[in-house]
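I opened my notebook to look around one chain. Here is what I looked up, entry by entry.

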Amino acid sequence: MGSTEDLDYPQTILQYNSGFLVSKVMFTACELGVFDLLLESGEPLSSDAIAARLGTSTTGMERLLDACVGLKLLAVELTQEGALYRNTEISNIYLTKSSPKSQYHIMMYYSNTVYLCWHYLADAVREGRNQYERAFGVSSEDPFGAMYRSEEEMLKFMAGQNSVWSICGRDVLAAFDLSPFRQIYDLGGGGGALARECVSLYPNSTVTIYDLPKVVQVAKERFVPPEEHRIAFHEGDFFNNSIPEAELYILSKILHDWDDDKCSQLLAKVYKACRPGGGVLLVESLLNEDRSGPLETQLYSMNMLVQTEGKERTAAEYSKLLEAAGFGEIQVKRTGKLYDAVLGRK
């Protein structure tokens, strides 16, 4: 006779099998505007009313709403007039576009871009390379050329990254006391959400966002208000152009995009540019040393396979890369959240 644990195995496999259905339900409700409508309405609405206002079928919308109830993204109340739906707190905070902590943009990026790459996961595993060529018909040789293949795609990616830092940025920036560093460069700083968190947390510091010219242009126009004088910009490609001197360099979700050789090349340039006594802060999702987890990081590493040239690493692996570049006094802080922090000093 099998143990009680054995009896759970079929259910576990079924849950894994339907995992992508769960995320697609959430993505679809976001894309159609369900959570925004319910927030704006100020009162619970019927499935017919939601369908009419969003221009969908009534049968499809009713099933979508019920699935969202099952996921605890919506709550339902049965009245004499029928079922009435409203947002739960988690949806109001994270799934509505107007919320400061909205994850709408990263979800749309996953739904419309990442999902298509994951369709070719088996090919990525066989070949050991990203799948932009199969998914979008663009070269896999330049991952960011593929990611930024149109202004619309670049904007989606930048907005998505900004939404991540709106809920994770403060944790990684507060992992160490960065107040002694007054002149900071955020390499690959994109839309500037992490830079804005940084100057908010450390008001005596200035942050320069170093990124590709087209990224800097969009950041200036769309994401960083001109009155924010503590944030500056530097246009360039940090692999091919010089890196200016600074006291601290932030590399947030940068090294995981590249193989060890590219990481070593970049860190050597950073070390050379860094002022004596300065440092580098790596912000990454760290694998356990035995690679047994966390599951989110293991899945991110699979995503690096289908989208980039890189991978997620352990704290020891990042420390080794930093030491090889010349950095010392390496400290690691696990935040208990999605992203962790590693600080090296020159």
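Predicted model: local features only at pLDDT ≥ 70, side-chain atom pairs only at ≥ 80, totals over all residues.

**Strand β8 and its neighbours**

β10 covers residues 340-345, and its pairing with β8 is antiparallel, over 6 bridges.

Then I looked at the other partner. Strand β7 (residues 246-252) runs parallel to β8, and 6 bridges join the two. Here Ile 250 is the residue opposite Leu 281 in β8. I followed the chain from β7 through helix α14 (residues 260-273) to β8, and these three make a right-handed β-α-β unit.

**The nonpolar core**

Next I asked which residues have the most contacts inside the largest nonpolar core. The core has 97 residues, and the list includes Trp 165, Tyr 249, Leu 281 and Leu 282. Helix α11 (residues 151-173) gives the largest share of this core, with 9 residues.

Leaving aside neighbours within four places in sequence, I found Leu 282 in contact with Leu 251, Leu 255, Leu 267, Tyr 318, Leu 322, Asp 340, Ala 341 and Val 342.

**His 256**

I checked the UniProt record, an unreviewed entry, and it lists His 256 under "active site". In the model I found His 256 in the loop between β7 and α14. Is His 256 buried or exposed? Its relative accessibility is 6%, so it counts as buried, the cut-off being under 20%. I also listed what His 256 touches, not counting residues up to four places away in sequence; among them are Glu 284, Met 304, Lys 311, Arg 313 and Tyr 318.

Another reminder: most residues other than glycine have a negative phi, and most peptide bonds are trans. With that in mind I went looking for exceptions.

- Lys 253 has a positive phi, near 55 degrees, and is not a glycine. I placed Lys 253 in the loop between β7 and α14. Lys 253 counts as buried because its relative accessibility is 12%.
- Glu 329 is not a glycine either, yet its phi is positive at about 50 degrees. I found Glu 329 in strand β9 (residues 328-333). At 64% relative accessibility, Glu 329 counts as exposed.
- The peptide bond from Gly 293 to Pro 294 is cis, with omega near -10 degrees. I traced Pro 294 to the loop between β8 and α15 (295-307).

**Ser 319**

I stopped at Ser 319, which is in helix α16 (residues 315-325). Ser 319 is buried, with a relative accessible area of 13%. Which residues does Ser 319 touch, not counting residues up to four places away in sequence? I noted Ile 330 and Val 332.

**Residues 15-96**

Last, back to the record: the unreviewed UniProt entry lists residues 15-96 as "domain: O-methyltransferase dimerisation". Over residues 15-96 I noted 63% helix and 17% strand. The end C-alpha atoms of that stretch are 27 Å apart.

Note on methods: Residues numbered from 1 in each chain as written. Heavy atoms only, no water. Pairing = 2+ DSSP bridges. Helix = DSSP H or I, 4+ residues; strand = E, 2+ residues; numbered from the N terminus. Right-handed = clockwise from strand over helix to strand, strands pointing away. UniProt positions renumbered as here; feature names shortened; annotations may be inferred. Buried < 20%, exposed > 50% of the residue type's maximum accessible area, 1.4 Å probe, protein only. Contact = heavy atoms within 4.5 Å. Core = buried A, V, L, I, M, F, W, Y, C linked by side-chain atoms within 4.5 Å.
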